[in-house]
Amino acid sequence: MSNQALPRPRFNAPEPEHGPPEHGTKAALKIETRATPLLDGKVSEVPDVAFGWAMRLCGVAVVALLGLIVYQLVVGSTLSWHAFGWKFFGQSDWNPVEDQYGALPFIFGTLVSSLLALVIAVPLSLGVAVFITEMCPIRLRGILSFTTELLAAIPSVVYGLWAIFVLVPVIREYVEPFLAKTLGWTTLFSGPPYGIGMLAAGVILAIMIIPIISSITREVLTVVPQHQREAVLALGATRWEMIRMGVLRNARAGIVGAIILGLGRALGETMAVTMVIGNRPEIAKSLFAPGYTMASVLANEFTEATGNLYLSALIEIGLALFLVTIVVNALARLMVWSVTRGQPARSIA
Amino acid sequence: MPATNSNPAAVLIPEVSVPPISLRRRVTDHVMTAVSVLTVALVLLPLFAIFAYLVYKGIGSINLAFLTQTPKPVGEPGGGMANAIVGSMVILGIASLLGVPLGIGAGIFLSEYGRNRYGDIVRFVSDVLNGVPSIVIGIVAYGLVVMRQKHFSALAGGVALAIMMIPTIARTTEQMLLLVPQAIREAAYGLGVSRWRTTLSITLRTATSGVITGVMLAFARVAGETAPLLFTAFGNQFWNWKTDQPTAALSLQIFSYAISPFDEWHRQAWAGALVLIILIVGAVAAVRIAVRHGTLAGA
C-alpha cells in the first residue's frame, strides 16, 4: 500500500506495512500547501484535534477501567490481608461467626471443578474441531459450527436451571452408581450418590467451555497451511495420520492456548456451578461430595456479609480469582497469537 | 501394489510403487473418524436436550398472567415476571447507554489512532478485561455505585454490565473499521474532508453493519448475565421505576426460583428462561433486520 498520494501529512492510521518512505512524506507536505487555498484557507484544525483526543480518551478509559478494578479489589481486601496475610490462602477454616476466614476449600473447589471440566471437554472439543475442519462435508460445516457456537449463547443461569432438573438426576441415578461400581476403589468415586456435587459441576462446566475451546481450535487448525496437509498425504499417510502429523502437531501451541482460554472461562464461571456444586466449604477426596468454588462463595455470601472483615475476606477471594484468571488468559492469548501470527483470536460471545 | 493408471502422476513416473497401507493403519484411520463423529454427537446432545427441555417446560407456563403480573407470595399460584422483564430491559438500556459509545470510541481509537505502542497496550488490556470473571465485575460495581448510594440499584447493575460490554465492542469495532479499504479514507481526504468527519461519516458508516453486529454480540453476552447483578441490581418482588432502587431482573428471578423448593416456582423459572432466550434472540434479530432494511443501512 503506497502512502505517496496522502494529502494530509498528519495522517498516521492505519500505517502501511513497511512505513512511509522519507520522500513520500515530503511530497504529501507539498500537496498540502498547494491544496489549502482551494479550501479558502478557513478549515479549522480544532474539531479534528478535539475528536482525536476524545477517541484517545476512550482508549485511556479502557485502561483506566482495569486500573479501577484492581484499585477496588485491593482497597476492599486490605482489612483481610492485614488480618490473615498469606495464611488466608492456606487455611481451610471458613467461619463467619468467629470471624475466621481461610480460602483453601474454595481454591480447591475451583481448581478441581475446572480441571475436571477440562478432562471432559478437551477430547470432545478437539474431536469436534477436527471433524469440522478436516472431515466434514462442506455443506455441513457451516451448520455444525453455528450449532456449537449456539451453546455459547445460552446464559449461564439457564445452564444451571437445566443442570438442576435434568443433569443432576441423570448423574445421581445412572452415572454415579456406575462409576462407584467400576472405579469405586480409587476413592475418587465413592460415597453416597447425591447427584449434586463436584462431578455435576465439572460436567456442566465442560458443556459450557466446549464451544470456546472448539471454536478457537478450529480457528487455529484453519490457519495451518494447506501444503502441510498435502505434503503428509503425498508421503502416503492415511487421513488420520495426516491430521495427527500434518495438522495437530503444527497447531500444538494454538490448541494449548485454546484449552487454557477454556480454563480461564471455567475458573470464573459462577451461576451454573453455584446451582449444582452443593456449596459446602469442605475438601473432600471423592468427586461425589459437595464442594464450593471461589466464584460461588462470592455469589452466595456477598450480600449477606455483615462484618467488615467478612466482606473484606470475600473481596480478597475476588482479588485472587481476578489475578489467576488474568494470568491464565494472558498466557492463552500469547499462545494463540503465536500460531495465528498476531491476528487476535475472535472474541467469543 | 503398483500405482494405478488413472493417477496422472503414475503415468509420469511409472517406476513408483506405493507400499500397501497396513491393516493396523487403516483400522486406526476408521476408528479415529468414528471417534470424532461420536464427539460431535456427544456435544450436540446437551444442546438439543437444553433447547427441548426449555421449550417443553417453558411453553406451558407462559401465559398472559406471567407476562403482566408481579410475583405472588409463596404458596399462591399464578403471578408472573412482568417486573423482571421490564427491569432487565431497564438495566440493559443503562448498560448500552454507557457501554456502547465508550466501546465504539475505544474501537475508533484502536483502528484510526492506535496503530502504535499505546494502541497495543489498550488492545491487550481489553483482551484481559474480556476474561475477567463477571462476578468480579459485580464486586467492582458494588464498590463504585452501591457503596456510594448506600443501596442496590438498577444503575449499579447497568454499570456492571457496561464494563463487560466495552472490551467486546471495542475489539469488534476495531476489526470492522480495519476492513474498510484505505482508499475510501484517502478519497475523502482528497476531497478536503476533515479527519473526524471522514472517520464518522465515511469509515464508521461503511462499517456500520459490522459494528452493530459486534454491539449485538456484546449485548447478547451480557443480557443473560446473573452473577454481576446479584449484588448490584439485587432483585425486587414489586414494580420499580426508579433507577436508584433495587430492581428485578429476569436472570436473577430465574436463579432464585430455580434454587427454591417450590414446584410452582420451578415452572416459572423455566418460563422465565424461555422468555429470556426469546428476548435475546429477538433483540439480536430485530437489530439485524433494521440494519439490513432500515435507515441504519450502511452506505
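The contact between chain A and chain B takes 82 residues from chain A and 84 residues from chain B, two residues being in contact if their C-beta atoms, placed from the backbone, lie within 7 Å. On the side of chain A that touches chain B, helix H2 (residues 46-84) of chain A supplies the largest share, 19 residues; helices are DSSP runs of H or I with at least four residues, numbered from the N terminus. By class, that side has 56 nonpolar, 19 polar and seven charged residues (nonpolar: Ala, Val, Leu, Ile, Met, Phe, Trp, Tyr, Cys and Pro; charged: Asp, Glu, Lys and Arg; polar: the others, Gly among them).

The model is predicted, with local features needing pLDDT of at least 70 and side-chain atom pairs counting only at pLDDT 80 or more, whereas totals for chains, interfaces and linings use all residues. Residues are numbered from 1 along each chain as its sequence is written, and chains are lettered from A in the order in which they are written.

In chain B, Thr203(B) lies in helix H9 (residues 195-206). Thr203(B) counts as buried because it has 22 C-beta neighbours inside 10 Å; the cut-off for a buried residue is 20 or more other C-beta atoms within 10 Å of its own, against 12 or fewer for an exposed one and values in between for a partly exposed one. Apart from neighbours within four places in sequence, Thr203(B) is in contact with Leu177(B), Val180(B), Arg185(B) and Thr198(B). Val55(B) is 148 residues from Thr203(B) along the chain, and the C-alpha atoms of the two are separated by 42 Å.

Key
Helices (H or I, at least four residues) and strands (E, at least two) are DSSP runs, numbered from the N terminus.
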